[in-house]
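Subject: The structure we talked about

Hi,

Here is the structure I promised to pass on. Have a look at it first, and then read on for what turned up.

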Amino acid sequence: MKKHYCLILCLMILSCEPTDMIQTLTKRQHNSRELSLQIQKILEKAEVAGLSVQIFNNHQRVYEQAFGFADLEKGDRLTNQHGFYGASFSKAVFGYIVADLVVNGVLDLDKPLQSYVGQAFPDIPFEKDWKGYANLKGDLRYEKITARMCMNHSTGFPNWRWISKEGEFDREGKIQLLFDPGSRYSYSGEGIHLLQFVIEKITGKGLEEIAQEKVFNPLNMSMSSYLWQERFEGKFCLGHKSDGSTYPKDKEDEAGAAGSMETTPEDYAKFFEHILQLYKADDTRVELMFTPSIKIHSEKQFGPQSWIDSGRHDNIELGYGIGWGLLQSPHGIGAFKEGHSDGFQHYSIMFPEKGIGIILMSNSDRGESTFKELLELTIGDTYTPWEWEFYIPYDQE
């Protein structure tokens, strides 16, 4: 199977890849065909089922290539038109929506969210009790939470209420504040969930309707949605376990800003390029997203070491803005967003002052093991904090 996989990839690359030149941050240039062959070798060594690579120069996409398989067991070739579970790429799109609402005066980033609703959060009934905030009754710190805190992950909430501070699963977990809101960074889907709830209350619209109006329709992202759509049937790739077997496809029936988005590499590249173009045009929305508002000092992004602080990443001024992670480099700001779930591992970063960026979208639990090497090879990115992200290279496992 491995030799068959390699042969198919080589034939695909040699037959359809153009010979354009791609520039890195270090001004090194790649011939795109040779670059594809180098990427293919890395994926072969790491045993990655499938990966899409999109590279941007001069604020626009200059390279797009899909490697491997949409379904390894069936031998179905992966394309950039296959639907992927976007995981936390959902948050980057939501960050843009939030910035747009702020610019248009609908939302104030620093106004306590409690002031936007008619009753205390703990008293608001939810159709599904586990989504509510009754457990916060008596802890009035929730009254201080703002939209900015939700988007820069400083609300004080855990990532999800059923995941403990140590990163262990607790089926009966209750929502709680682990620290004073605004006092430190701690990645939280719960914070995004709260802000989504408030925005839907303010606008009287669901997230999917808002996203279609502000992002998906204007950018012609016809294969993107926070909800599963019938048009996606038969056009998606499957997530793969480390051994190459597949996960069953999860089809979202409830829109979640923290991670329900279905998209294709082609569609997400349209969004990514839109952000690069807006940065070039000094758009206020991008300025909001890419202005750091919390510093990050943790050893790791998740798990027990996320509560251990150090100066390890002070040299890149690691921080967070509105829906995007941020760092500083000799090439200016780097704005990044990752996505991670069973069978799907993604990463994107742009250096907008240089107009250079990359999107990596993998349908394999082995995908992240290639990210450090791919980032350095493709665009010369040696600044992404891969250890903090826990992107352990395949040859160091």
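A word on terms before the findings: two residues are in contact when heavy atoms of theirs lie within 4.5 Å. Please also keep in mind that this is a predicted model.

**Confidence**

The average pLDDT over the chain is 94, and 95% of the residues score at least 70.

Helix α6 covers residues 207-216, and seven of its ten residues are buried. Those buried residues are L207, E208, I210, A211, Q212, V215 and F216. What do the buried residues of α6 pack against? Their partners are α3, α5 and α7.

That brings us to α7, which runs over residues 265-280. This helix has 16 residues and reaches 22 Å from its first C-alpha to its last, close to the 22 Å expected at 1.5 Å a residue. Its buried residues are P265, D267, Y268, A269, F271, F272, I275, L276 and L278. Just after α7 comes D282, with a positive phi of about 60 degrees.

In helix α9 (residues 371-379), the buried residues are F371, L374, L375, L377, T378 and I379. Their cover includes the strands β1, β2 (29-31), β3 (50-57), β12 (344-351) and β13 (356-362), along with helix α2 (32-46). Just after α9, G380 takes a positive phi of about 75 degrees.

S224 sits in the loop between α6 and β7 (262-263). Is S224 buried or exposed? Its relative accessible area is 0%, so S224 counts as buried. The residues that S224 touches, leaving out those up to four places away in sequence, are Q212, F216, R231, F232, E262, T263, T264 and D267. Among these, Q212 and F216 are buried residues of α6, while D267 is a buried residue of α7. S224 and T263 are 39 residues apart along the chain, yet their C-alpha atoms are separated by 4.3 Å.

D20 is in the loop between α1 (2-16) and β1 (21-23). At 43% relative accessibility, D20 falls between the 20% and 50% cut-offs and therefore counts as partly exposed. With residues up to four places away in sequence left out, D20 touches H30, N31, S32 and V62.

**Backbone angles to check**

Most residues other than glycine have a negative phi. Two residues that depart from this are worth a look. A87 has a phi near 50 degrees, and its place is the loop between β6 (84-85) and α3 (89-103). H153 has a positive phi of about 60 degrees and lies in the loop between α4 (147-151) and α5 (189-203). How accessible are they? A87 has 1% relative accessibility, so it counts as buried. H153 also counts as buried, because its relative accessibility is 1%.

**Cavity and pocket**

The count comes to one cavity of 30 Å³ or more, and the largest cavity holds about 30 Å³ of space. Which residues line the largest cavity? They are S225, Y226, L227, W228, D250, E252, S260 and E262. By class, this lining has three nonpolar, two polar and three charged residues. E262 is also one of the residues that S224 touches.

The second largest pocket has a volume of about 280 Å³. It is lined by 13 residues, and W130, R161, E172, G173 and K174 lie nearest its centre. The lining of this pocket divides into five nonpolar, three polar and five charged residues.

Happy to go through any of this with you.

Best wishes

Technical notes. Residues are numbered from 1 along each chain as its sequence is written. This is a predicted model: local features need pLDDT of at least 70, side-chain atom pairs count only at pLDDT 80 or more; totals for chains, interfaces and linings use all residues. Side-chain values use heavy atoms; hydrogens and water are left out. pLDDT is the predictor's confidence in each residue, from 0 to 100. Helices (H or I, at least four residues) and strands (E, at least two) are DSSP runs, numbered from the N terminus. The expected span of a helix is 1.5 Å times one less than its number of residues. Buried means under 20% relative accessible area, exposed over 50%, partly exposed in between (1.4 Å probe, protein chains only). On a 1 Å grid over the protein atoms alone, a cavity is a set of points where a 1.4 Å probe fits but cannot get out, and a pocket is an open set with protein on both sides within 12 Å along at least five of seven lines; lining residues have an atom within 4 Å of a point. Grid points are joined across faces, edges and corners, and a volume is the space filled by probe spheres set on the points. Ala, Val, Leu, Ile, Met, Phe, Trp, Tyr, Cys and Pro count as nonpolar, Asp, Glu, Lys and Arg as charged, and the others, Gly among them, as polar.
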